[in-house]
Amino acid sequence: MRWWNRKPGERVEWVLEPLVAVGPLRFGMNPDEVASALDGAIAHVSQGLGTGIGWGYYTDWGMTAVYGENSRLVAVAVDAMDGPLVRLRDIDLIARVPSEVHADIQDLARQEGTSVRVNRSGDPEIEAWGVSMGAAQEQGLSPEGYTQRLDTMITNALLVGPELAEDPFGAEPVIRWRDVRDEPPNVGAWPVKAEQERQRWDWTPLESVGPLRFGMKPQEVAAVLSEQPAARRGRYPFGTSWEGSGQWILHEDLFDRVGVTAHYSCGHNRPPTLGAVTIHGRSGPQVEFGGIRLIGMTVSAVDTALIQYIEERDLGLVVGCGGDLGVDGLNMYVRATRAGDTVVSEARFCKAEWEDHG
């Protein structure tokens, strides 16, 4: 996660030439040409650069370059918080309210006779322009000068050349950079369950949340929830090069009706057992901690209340993956989930030895 948000005046402005170029970057460039076009920028995070298929994240520019066969540029991913401000015709695509960008894209598409579809994140995708929109939670500064999570989403984008335009996120080599195939698809609607419609669950730190006790087997989890998983996620033990080899390892079960995800601990010759539970912000049960409602609330308000609780009791604050806040020793993290143009709070509750990696 990036912990700053460049102000508009500090961000470069690029023009998108659909399927051809994004600012100074032309599809088909090699990594050296991309670096030169970015004033000698270095990809501080990269994989496979110069060896064929790979990608590089250019921190100073807030963008990722994805390379296909023969190390040729095929996609550019622009960050919401500090990437270039990309313009298509008269539309600013980056760092804006998602619904407003969606409306602008629909208007332009009608004018040009171009079709718009919805991608897996519920945002507009336009094959004729090589554009797949997305969004990320906005970050800001507190009055004291600390970075903090805001309650708004702002747009980012994946911009691709002609060979990837049909399915930008589903095609190689983009899936090597970010594989979204296991993420639950969104149709573009983000309903949030009303507070009075939510179940109330208790939480015993490091032991249980609601009827779910850490150490349960997957079949026990399904039984106590009276629901079969809507989706299951896992992997084979040897990674993609050995896909299909060995025993498939279960990592997560998604329960849509209850509004939770069960995360399992597992290993070689060790069956999966419940190690963590994520309660979904839009649809899950309500859980309280110290009088603070953790689920489906305004994220900034939960963060403020949690920090106040910790400071008043001289406890330790833990910052998890993605800026999630928790209390030291409890292995609980307040997370954020999208609700259209805004975010609401959700939480992950873990057993003692569980390490939260997102």
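**Arg 338 and its surroundings: a short tour**

Let's start with one side chain: Arg 338 reaches the backbone oxygen of Gly 340 at 2.8 Å. That is a polar contact, meaning a pair of N or O atoms within 3.5 Å, where, within protein, one must be able to donate a hydrogen and the other to accept it, and residues adjacent in sequence count only if both atoms are side-chain atoms.

A word on the basis of all this: we are looking at a predicted model, in which local features need pLDDT of at least 70 and side-chain atom pairs count only at pLDDT 80 or more, while totals for chains, interfaces and linings use all residues. Residues are numbered from 1 along each chain as its sequence is written, and side-chain values use heavy atoms, with hydrogens and water left out.

Back to Arg 338. You will find Arg 338 in strand β26, residues 332–339. Strands here are DSSP runs of E with at least two residues, helices are runs of H or I with at least four, and both are numbered from the N terminus. A second polar contact, of 2.9 Å, joins the side chain of Arg 338 to that of Asp 123. Is Arg 338 buried or exposed? Its relative accessibility is 12%, so Arg 338 counts as buried. The cut-offs are under 20% relative accessible area for buried, over 50% for exposed, and partly exposed in between, with a 1.4 Å probe and protein chains only. Leaving aside residues up to four places away in sequence, Arg 338 touches Pro 98, Ser 121, Asp 123, Ala 135, Met 153, Trp 190, Arg 282 and Val 343. Contact means heavy atoms within 4.5 Å.

Now, salt bridges. How many salt bridges does the structure hold? There are 22, each defined as a side-chain nitrogen of Lys or Arg within 4 Å of a carboxyl oxygen of Asp or Glu. Side chains of opposite charge can pair when their charged atoms come close.

In one of them, Arg 233 and Glu 252 meet at 2.6 Å, N to O. Arg 233 sits in strand β18 (residues 231–235) and Glu 252 in strand β19 (residues 249–255), so this pair ties together parts that are 19 residues apart in sequence. Arg 233 is buried, at 16% relative accessible area.

Next come Arg 335 and Glu 346, whose side chains form a salt bridge at 4.0 Å, N to O. This pair links distant parts of the chain, with Arg 335 in strand β26 and Glu 346 in strand β27 (residues 342–350), eleven residues apart. Arg 335 is buried at 13%, and Glu 346 is buried at 11%. Both belong to a network of salt bridges that links Arg 149, Asp 303, Asp 324, Arg 335 and Glu 346.

The last pair is Lys 351 with Glu 353, at 3.7 Å, N to O. Lys 351 counts as buried, with 14% relative accessibility, whereas Glu 353 counts as exposed, with 58%.

On to the backbone. Most residues other than glycine have a negative phi, and most peptide bonds are trans. So where should you look? The peptide bond from Glu 172 to Pro 173 is cis, with omega near 5°, and Pro 173 lies in the loop between β13 (147–160) and α3 (174–177). Asn 70 has a positive phi, near 60°. Asn 70 lies in the loop between β6 (63–67) and β7 (73–78) and is exposed at 64%. Leu 206 also has a positive phi, near 70°. The loop that holds Leu 206 runs between β15 (203–204) and β16 (208–209), and Leu 206 is partly exposed at 31%.

Next, a sheet. Five strands form an open sheet in the order β3-β2-β1-β8-β9, with mixed pairing. Its edge strands, β3 (25–26) and β9 (91–92), each pair on one side only. Two strands pair if DSSP finds at least two bridges between them. Strands β1 (residues 13–17) and β8 (residues 85–88) are parallel partners, with three bridges, and Trp 14 has Val 86 in β8 as its bridge partner.

Finally, confidence. The protein chain averages a pLDDT of 91, and 93% of the residues score at least 70; pLDDT is the predictor's confidence in each residue, from 0 to 100. Which stretches stay under 50? Residues 1–5 do, with 20 contacts beyond four places in sequence in the model, and so do residues 240–244, with three such contacts. Where pLDDT is low, the predicted coordinates should not be read in detail.
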